[in-house]
Amino acid sequence: SNPDSLRHRQHPIFQWTANNGVLVGIGNTDSYGGSHITIKTRPVETVMTSWAYLKEFPGPLSKAKTKKKDVEKWIEERATNSSDAILWKVLGDFVAFDGDVTSPAFSRSIASLLTPNIQYAPVSDEVNFSMPSQMSAVRQPNTPMNAHRLSGNNLAAFWSHLQSALTEKALKLALDEGDWPLALLTAGMVSSERYASVAAAYIRMTFDRSYPDRLLAFILHVTSGNVMNAITQLTNSPADLQWAIESWNELVAVVLVNSSASPMEFFVQFGALLVKNGYVVEGHVCFILAGVPLSETPLLSSGVKFQAVGSVLGNSVCSVLMSEVYEYGLASSVANPHTLQLQVKHAGYLADAGLFLEAQKYVDGLNAILKSYGKNVSPLTSFALRDFEAVSQRIVSGGSYDQGWFSGKLSKPNLDKMWGQLDKFIGGD
């Protein structure tokens, strides 16, 4: 063969057929400089690597009609054979706990996935500080106090300030004398912002940049209300940012199991930071832990959008399926308009794979949702509406192809009526 032919880029040409196959045309150049095209017919499952799990997906997913155990079983199979196994496993737990991101058991389960080398204590084994007996057992009676403490005249002055409504002055006295426990308690009386600032000062004074001090300092910043300060510090320091990216699983896990309330702000901000730096899967794990709905609207001030799970735009079979599973776990009573656009893509993928019956289920479901919105309102964008009409026409073309196995399965008159409705949506009539 002519080695020079390797310099020319080859452009395979694909043509989907209606009988579960695909025509593949590949251009070649022979040793004499001539060109020719080799055309082969292959089963779609040999070309489309996602065909098998696309066919087995238990969709369209519905809390009313889809059994949770069927979804969990399908996710488990995907998680064992996927490069995005960690994301599938997180989605599996999300579905298993019905999207309850505030559940302590859910937090423990996710933390175990992210840091399997850590042995997490069961929730029931934690010390309960609401019990007096537990409180007295925290510190042994003969153990000296490892902190400065106000006493004598200073303590009397502190009390006098509190009595006179001079809380800030009492706080300053505690800080000047190095009584950090009392200072933190007093700062909490002033405001959550003041508590966060005092906690930040204590952290800066106490911890250095070694391990585990660095990790401790970051987590204490987050759990004391200094989320934005912690994130800003990462963005201002390339070294700190790289450390956080490399340690993302440890950071997320320790916040999960050490927060009395689900730290949504941290997961959203840290997730956006990861996505901005190219770590999409890791960032989307954070968004899932915050229960962020899929949308084209940017998250807070980050500018990052959570439009699909597993990819930025949802332009892959895997991402579309992940997104549907996530929405199923969220269990909203109202269909998310953004997710409906992804379902149109799903129907198209099914048609590509020759899975027309499965595609028809999505078309029927979408058509019912469109009708529920009325004549002049649509949850789909104009582009998605056109894609929806196109995939519906493809299903009819595939179904009537050569009077094959799919012939007669679809109602042409009903689809004609539906396309008329779509024209009204697109035209704004």
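Which residue forms a salt bridge with Arg394? In this predicted model, the partner is Asp352, and the closest N and O atoms are 2.6 Å apart.

## A bridge between two helices

Arg394 sits in helix α20 (residues 382–399) and Asp352 in helix α18 (residues 337–352), so this pair ties together parts that are 42 residues apart in sequence. Arg394 is partly exposed, with a relative accessible area of 32%, while Asp352 counts as buried at 16%.

## Other salt bridges

The structure holds five salt bridges. One of them joins Glu168 and Arg194, with the closest N and O atoms 2.8 Å apart. This pair links distant parts of the chain: Glu168 belongs to helix α8 (residues 167–176) and Arg194 to helix α10 (residues 192–206). Glu168 is partly exposed at 37% relative accessible area, and Arg194 is partly exposed at 33%.

Lys63 pairs with Asp98, their closest N and O atoms being 3.6 Å apart. Here both partners lie in loops: Lys63 between α2 (51–56) and α3 (68–79), Asp98 between α4 (85–96) and α5 (104–114). Together with Lys68, Lys63 and Asp98 are linked in a network of salt bridges.

## Cysteines

The count of disulfides comes to zero. Cys286 is buried, with a relative accessible area of 0%, and Cys318 is buried too, at 14%.

The protein chain averages a pLDDT of 80, and 74% of the residues score at least 70. Over residues 134–139 the pLDDT is below 50, as it is over residues 400–413. Where pLDDT is low, the predicted coordinates should not be read in detail.

Definitions and conventions:
Residues numbered from 1 in each chain as written. Predicted model: local features only at pLDDT ≥ 70, side-chain atom pairs only at ≥ 80, totals over all residues. Heavy atoms only, no water. pLDDT = per-residue confidence, 0-100. Contact = heavy atoms within 4.5 Å. Disulfide = S-S within 2.5 Å. Buried < 20%, exposed > 50% of the residue type's maximum accessible area, 1.4 Å probe, protein only. Salt bridge = Lys/Arg side-chain N within 4 Å of Asp/Glu carboxyl O. Helix = DSSP H or I, 4+ residues; strand = E, 2+ residues; numbered from the N terminus.
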